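Keep the structure open while reading.

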Amino acid sequence: MVTAATVFRDYETDGVPSSDPHKPKKAEIRQLLAGYEAIINAFLSDGGLIYTSKASLDADLAHGNHSSAWVIGDPISANNGVYMKIGASGVGSWTRVADLPFSFIIASDAGAGTPNAIQATTSIPVSSSALIWTNIFEDNTASPVTISFNGGTPLTIKTNSGNDVAAGGLTAGMIVMGIVSGSTFRLVSDQASAAIVAAAEAAQAAAEAAAASINIRRVAGRTALKALTSSFVTKAYLEEAGRSGWFSIYPSGYDSEIAADTLEGMFIRLTDGGAAVRDAGWHISGLNPQWFGAVSGAADGSFSTDSADGFIAAFAMSALVGAKVVVPTGFYLSSKMLDLPSGIIFEGAGTNEGWEIPFFDLASTTIDRGVTVCFTGAGAKSLTLDYCSAMHHSGAYRTNSSRPYMNANDQYLEATDWTDGNASGATKATLKSFSAMVRIGGDGLSGKTIVRNIRFAVACDDGVNGPLAGYLLTNANSYVPWASWDVGCLNLNPYTTLVEDCQFVGFFGMKGLVQTSIRFGSTQSGGRGEMALYNRCWFQGGIAVRNGDFYPVLSKTASSVTVAWSPGHRFDGSGTIFIDSTSYTYTGLVYNAAGSGTLEFTGIASTTNVVVSGDDRSTVHMTNNNGTTQTVFRDNNIRDFWHPSLVERPSTAFGAQAGKYSAAIELVGYPIRGITFENNTVYCHGPFFLLMQGARNVFFDKGTLEEKSYRTALGGALNPSGAAQTLAIVGPDSSNVATWPILLRGDVTLYGYPWSGRTNIGPVGIVPSGYRYSAFNDAFNGFRYQHLGEPSQDKPIVWDTRLPRRYIINSGALTVYDEFFTIDTEGSAAIDDLVSIKAPAWIKRICFKTTSSARDVVIKQGTLAEQFSMSGSDVTLFSPVQSIAFIRNDANSAWAIEGAYGPNGTFANVTTVGGKVVSGT
């Protein structure tokens, strides 16, 4: 049986638009209507009543209660419907109870209206409750289109989706169905699909034309960026993670930049030969290493992406375009050295959240506030530093039996050795290869390099908590092997370098910071070690300012000079050396094994200007560069090895990673001068605070030295600060003083520096801590007093660290210009009297000793100006290990005895208590 839904369906295959619109067949329509007629006839045969108006229905009440009737054809469409009689025959009324049971109404468009204002007629009135079926007489030519039924109010035709019919949407001969809805005729079927397709195609063409007229693109990645047409597109926004940003598109050019930018961070070659260039905001904001592939992640061990190449590419591009490199906050990994070209700025974004070395907070809120670069693996050990040995030939190294590891093989308090220490006779030592996390100035160019606000840390992974877990307090008594990086920061061209708000953290094989002006294996040139500033940084593993070794001349002939042999010497069998900055060519190198060994440079044209004795003794060195000067360390935290376990570096607890003792501050080589330490804090667990060999004009201003307890075994008992703890070595021991007079030439100034003890800066050895300073007896105080100088003194304390000047008595008198000096008898007599000493007014205190135990000096009691007031007794100095000190009496310019010092606490003719004169004998 046919139904209206099947006869008047929209498409040939119901519900399938692609099967084309369905055209109803007349035979099916007649079959459908015949069914309706049968229903009507059945209604009428059963006594049904039909009226053409409601008025005629209301006039006929002669029907029983519940009788039914239809009203069909009333001009008021609302009156048409099914009615039921209420009340007995002759009385009551008719009540509308339902719509007429017509499923649809057939209308006819005979062309009475216009294409866009259709007039249709029906055999029965239309209503909103009936589906209306009508033909279309002619194509519509505009939009909107209206239709009126039986001369009624025009209704706007709306499509199934509620839109106005498009022009051509109603075509001649098509059948449409719809319902009356207010002031509209809403189609159940729809306008012609051809029109829709045409409109869509037109819209598409218009959109494509519009898009073709726009020369800005958004691309998901570099592949899509490279596919752009450079002759048309002028701008593109790259959406690739980490690399996002605007690019300008050029038809050609930028060949050298593209060739340099191999990781496509800023300059990218398009497929058609054009160039995509990152827009120029980076001139102000800086280059982001993430543009070149650097990636940040979690510090908990779940992240393993290596960002080394991204950093390195960013540095290269920074040097090329002249913009700084700014790292977004986060945690990064690097397996390679970060090699900074001279003159670039490398800085981290975010806050400067300093870790309390060596215990780190691994909370993400801490890590993510700043920039951390963690170095994994061992790094490429491809670096060398020539002409810098442990300086054993200087005598400025010590053993100390009170320390637990001094009896182990080759355990000394010495300079860091950058050779393998394997020289054999005249054959030079090989160089030690090492790695560095950060290198500055390796390109040999000058320029102000700036590094700021970044934490550089050596990985120390416990296999559970990530690459920084070895620094955790929970691992304090454990040995977690660390990545074997040797140096934190290697500064090869310190000229105007600024390193600030940075941390170099790790258990370095050599040093946390190394500054030198030696580069490229050249004996003639090097970097400029001037005006470097290290500000508010943390240096774990100590710092070293190193320049080339130097060798005092022991003797000479007309054509040769001789120096002490060293296991780290780097002299060739023939070549060029420098003696007091003058170049000398030699033709042979002869080793003599006698004693500690010597090296003789032979075949020298002339040695006339070489000095072999006294304060002006000549020195041999292999470099003649600018050296280091005007370097300032300000407000830094400087620490030695400093393992969380507090175990010393040489301990076997560290297995193969155990090392030698190393000074927290090391100033060694030629030439080094003008180094300032201002308001730094120095921490030492090891026994070795300061090593100076050859440095001069060194200034310590304010700050703190803290000597800390140490352990000899993991989890073992703490050893308190004690004998020979936290020592400084600033010259040769007494057995080498005679051949090293130039070693300490220059001044060391200490001002208001609250050490945890007191020191003597001079030719030093090792004595138990707690001794008061002795200027000349080769003894070194162990930092046991609060200040250097009187606590109330607010002016600089200047110590002349040259070997003390020797004055010879002349007729019982001396005129001196030093506070510390030695004296000798007139004419090398076995005994001589010293009656008076004349000195400039600025000298308020003098301290002196004799030159030789074979010659005694009797200091005569006196009462006049420039004479000695000693409680009525003369004092005899009979050994160089004795010294005596006087303070000027401003009232009469006499010298009042302050104290006398000697190995046994007493001198001839004087009694001392605690090293101070109390009475004469």
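## Salt bridges

The protein has 28 salt bridges by the rule used here. The model is predicted, and side-chain atom pairs count only at pLDDT 80 or more. Side chains of opposite charge can pair when their charged atoms come close.

One of the bridges joins the side chains of R269 and D255, with 2.5 Å from N to O. R269 belongs to strand β15 (residues 267–269) and D255 to helix α6 (residues 255–260), so the bridge ties together parts that are 14 residues apart in sequence. How covered are the two partners? R269 is partly exposed, at a relative accessible area of 27%, while D255 is exposed, at 52%.

K381 is partly exposed, with a relative accessible area of 39%. D486 is buried, with a value of 11%, because buried means under 20% relative accessible area.

In a further bridge, the side chains of K511 and E666 meet at 3.7 Å, N to O. This pair links distant parts of the chain, 155 residues apart, with K511 in strand β28 (residues 511–516) and E666 in strand β44 (residues 665–684).

## The protein as a whole

The protein has 921 residues, and 51% of them count as buried. Its secondary structure includes 9 helices and 61 strands. Among contacts between residues at least 6 apart in sequence, 66% join residues at least 24 apart.

The protein exposes about 37,200 Å². Carbon and sulfur atoms supply 53% of that area.

## Nonpolar cores

In soluble globular proteins, nonpolar side chains tend to be buried together. Here the largest nonpolar core holds 81 residues. Which of its members touch the most other members? They are F346 and F456.

Leaving aside residues up to four places away in sequence, F456 touches L338, F346, V373, F375, M437, V438, V451, C502, Q503, F504 and V505. A second, separate core has 33 residues, among them W418, A423, I577 and L589.

## Helix α8

Helix α8 covers residues 308–321 and has 14 residues. At 1.5 Å a residue, helix α8 should span 20 Å, and its end C-alpha atoms are 20 Å apart, so the two values agree.

Which residues of α8 are buried? They are A308, G310, F311, A313, A314, F315, M317 and S318. An α-helix has 3.6 residues a turn, so residues three or four places apart point the same way. After α8 comes G322, with a positive phi near 75 degrees.

Key:
Residues are numbered from 1 along each chain as its sequence is written. This is a predicted model: local features need pLDDT of at least 70, side-chain atom pairs count only at pLDDT 80 or more; totals for chains, interfaces and linings use all residues. Side-chain values use heavy atoms; hydrogens and water are left out. A nonpolar core is a set of buried Ala, Val, Leu, Ile, Met, Phe, Trp, Tyr and Cys residues joined through side-chain atoms within 4.5 Å. Buried means under 20% relative accessible area, exposed over 50%, partly exposed in between (1.4 Å probe, protein chains only). Contact means heavy atoms within 4.5 Å. Helices (H or I, at least four residues) and strands (E, at least two) are DSSP runs, numbered from the N terminus. Accessible areas come from the Shrake-Rupley method with a 1.4 Å probe; for residues, only the protein chains shown count as cover. A salt bridge is a side-chain nitrogen of Lys or Arg within 4 Å of a carboxyl oxygen of Asp or Glu. The expected span of a helix is 1.5 Å times one less than its number of residues.
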